Amino acid sequence: MTVQALADTAAAGTSVLAYIPSPPQGVWHLGPLPLRAYALCIIIGIIVAIWWGDKRWQARGGQQGTVLDVAMFAVPFGLIGGRLYHVATDWQKYFGAGKDPIEALYIWQGGLGIWGAVFLGGVGAWIGCRVYRIPLPAFGDAIAPPILLAQAIGRLGNYFNQELYGRETDLPWGLEIYPRFDDNGKLDMMNGVSNGIAEKVVQPTFLYELVWNVLVVYLLVQIDKRYRIGHGRLFALYVAGYCVGRFVVELLRDDEATHIAGIRINSFTAALVFLAAIAYFVFATRGRETPAQLQPGGMERPWPWQIGALRQAGAESAAPEKESEPDVNESETTGDKDPETGDTTPAAESSGIDATKSGDSGKNVT
């Protein structure tokens, strides 16, 4: 074999090895109990979001356990909303000749539309916030980064299910897709086991979205620390940031989907939701709620359709902050709690003043 032939063989081997292999299966059986990777990823994401969200809520001055209390409303609503959106936009998978409508209920087989999950999950969170008498916008700001991180974790479930990938590619980071078969040798992409032979190599769009989500999570945390965003504006940035990434990802996909004027429906949704999120960010109240306003009953919120009352409530809640410190970098001068760790650095510490001598009770303005 010549040197050139060896080089060509090595190059070809490197190219093949660079492809990302899909898992051989996404379901394992513990006796009669199926253990599904997709479901596990969703559950792990929810647990992480609740844990981190509660840390952030406490750092803003809220009570411990509030996020879990509200999640009891938001999570079921979100799962139902996500499934409803998926079934509504991909109805042809469940209805029509040769289809079994009952499979529309098989949520464990994958298929959750994030748009429906966020919308109905938001409705559930609103109900929970009404029950526990806390402001929904402030709650949304606390859980925005954790929700997006949960979405990133959930995308790993798509990897195990071999779904939500893009067009075929020869890029070195392409994803190998394997046919899967059941014990009888019948094709079963959801529950079967692969034979190890790649059917095609595709764009790993689930991975692109996962990486984008993690990047936006980092940016949201940094923006929140620096500019002390409140009144639902950080949640709006989360929605807008996600929409940008999702819009680009949709351009790389060619799997079966509902189209409007030749454009995937999720592209339309991403664009419209992005515009709505930016509009909210621009027109919503500036500043951040005080810890007192995050306590049960500390800030009564009008009903959503009471536009005038909402504006008045927002103006009144922003007034105390305007009288104290500017919106940017306020945490450096007021002894604010860090949104991530909950650690407090009193203002007196940075200024050299003994808080105990000045009569400061140690309370912080956030």
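The exercises below, each with a worked solution, concern a predicted model.

Residues are numbered from 1 along each chain as its sequence is written, and side-chain values use heavy atoms, without hydrogens and water. Local features need pLDDT of at least 70 and side-chain atom pairs count only at pLDDT 80 or more, while totals for chains, interfaces and linings use all residues.

**Exercise 1.** Classify the ring pair of Tyr159 and Phe160, and state how exposed each residue is.

*Solution.* Rings of Phe, Tyr and Trp (its six-membered ring) pair if their centres lie within 6.5 Å, and planes under 30 degrees apart count as stacked, over 60 as edge-to-face and the rest as tilted. The structure holds seven aromatic pairs. In the pair of Tyr159 and Phe160 the centres are 5.6 Å apart and the planes stand at 65°, so this pair is edge-to-face. Buried means under 20% relative accessible area, exposed over 50%, and partly exposed in between (1.4 Å probe, protein chains only); Tyr159, at 18%, is therefore buried, whereas Phe160, at 23%, is partly exposed.

**Exercise 2.** Find which parts of the chain are tied together by the pair of Tyr159 and Phe206.

*Solution.* Tyr159 and Phe206 are stacked, with 5.3 Å from centre to centre and 20° between the planes. Helices (H or I, at least four residues) are DSSP runs numbered from the N terminus. Because Tyr159 lies in helix H5 and Phe206 in helix H6 (residues 205–227), the pair ties together parts that are 47 residues apart in sequence. Phe206 has a relative accessible area of 6%, so this residue is buried. Finally, Trp28, Tyr159, Phe160 and Phe206 form one aromatic cluster.

Methods: Helices (H or I, at least four residues) and strands (E, at least two) are DSSP runs, numbered from the N terminus.
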